[in-house]
Amino acid sequence: MQSTQMQALSGKEVEYIADSISNEDLLIKQLAATAGSTQNSTVHQICTQQIQSHTQHMDALVQLLHQHQQYAPTQPQQ
């Protein structure tokens with residue numbers, strides 16, 4: 001079994017993850033607005049399930065950033 005060492009994320013990777021977090025947050029807000037305004041119980045239930053799913057995605061992305069934070073360079077790379 002090989003041990004793997006975590007490496008620092010590149011600036012592009014951090015930007016991609018930050019954009020993904022933003023997108024997940026936007027989806028959560030849109031789903032919450034839809035769930036709050038619908039009279040259809042099926043639509044409300046689906047929106048609620050999707051909110052939970054996107055919240056898990058966002059939490060996983062944030063956790064990934066925190067795990068890699070200790071490996072981030074302390075000085076900007078040129």
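Colleague: Leaving aside its neighbours within four places in sequence, with which residues is I17 in contact?

Modeller: This is a predicted model, in which local features need pLDDT of at least 70, side-chain atom pairs count only at pLDDT 80 or more, and totals for chains, interfaces and linings use all residues. Residues are numbered from 1 along each chain as its sequence is written, and side-chain values use heavy atoms, with hydrogens and water left out. Contact means heavy atoms within 4.5 Å. With neighbours within four places in sequence set aside, the partners of I17 are L9, L61, L64 and L65.

Colleague: How far apart in space are I17 and L65, C-alpha to C-alpha?

Modeller: I17 is found in helix α1, where helices (H or I, at least four residues) and strands (E, at least two) are DSSP runs numbered from the N terminus. In sequence, 48 residues separate I17 and L65.

Colleague: Is I17 buried or exposed?

Modeller: The classes rest on relative accessible area: buried means under 20%, exposed over 50%, and partly exposed in between (1.4 Å probe, protein chains only). The relative accessibility of I17 is 7%, so the residue counts as buried.

Colleague: Which residues make up the largest nonpolar core?

Modeller: A nonpolar core is a set of buried Ala, Val, Leu, Ile, Met, Phe, Trp, Tyr and Cys residues joined through side-chain atoms within 4.5 Å. The largest such core has five residues in all: I17, I21, I28, M58 and L61.

Colleague: Which element gives the most to this core?

Modeller: Two elements give two or more residues to it, namely α1 (11-37) and α2 (41-69). With three residues, the element that gives the most is α1.

Colleague: Against which element do the buried residues of α1 pack?

Modeller: The buried residues of α1 are I17, S20, I21, E24, I28, L31 and A35. The element they pack against is α2.

Colleague: How are α1 and α2 oriented relative to each other, roughly parallel or roughly antiparallel?

Modeller: Two packed helices are described by the angle between their axes and the distance between the axes. Axes are lines fitted to C-alpha atoms, for helices over the stretch in contact, and angles run from 0 to 180 degrees between N-to-C directions. The axes of α1 and α2 come within 9 Å and cross at roughly 160°. Angles over 145 degrees count as roughly antiparallel, under 35 as roughly parallel, 65 to 115 as roughly perpendicular and the rest as oblique, so α1 is, relative to α2, roughly antiparallel.

Colleague: With which residues is H54 in contact, leaving aside its neighbours within four places in sequence?

Modeller: H54 has its place in helix α2. Its relative accessibility is 13%, so H54 counts as buried. Beyond neighbours within four places in sequence, the residues in contact with H54 are E24, L27, I28 and L31.

Colleague: How does H44 count, buried or partly exposed?

Modeller: H44 also lies in helix α2, and A35 and T38 are in contact with it, leaving aside neighbours within four places in sequence. Because its relative accessibility is 37%, H44 counts as partly exposed.
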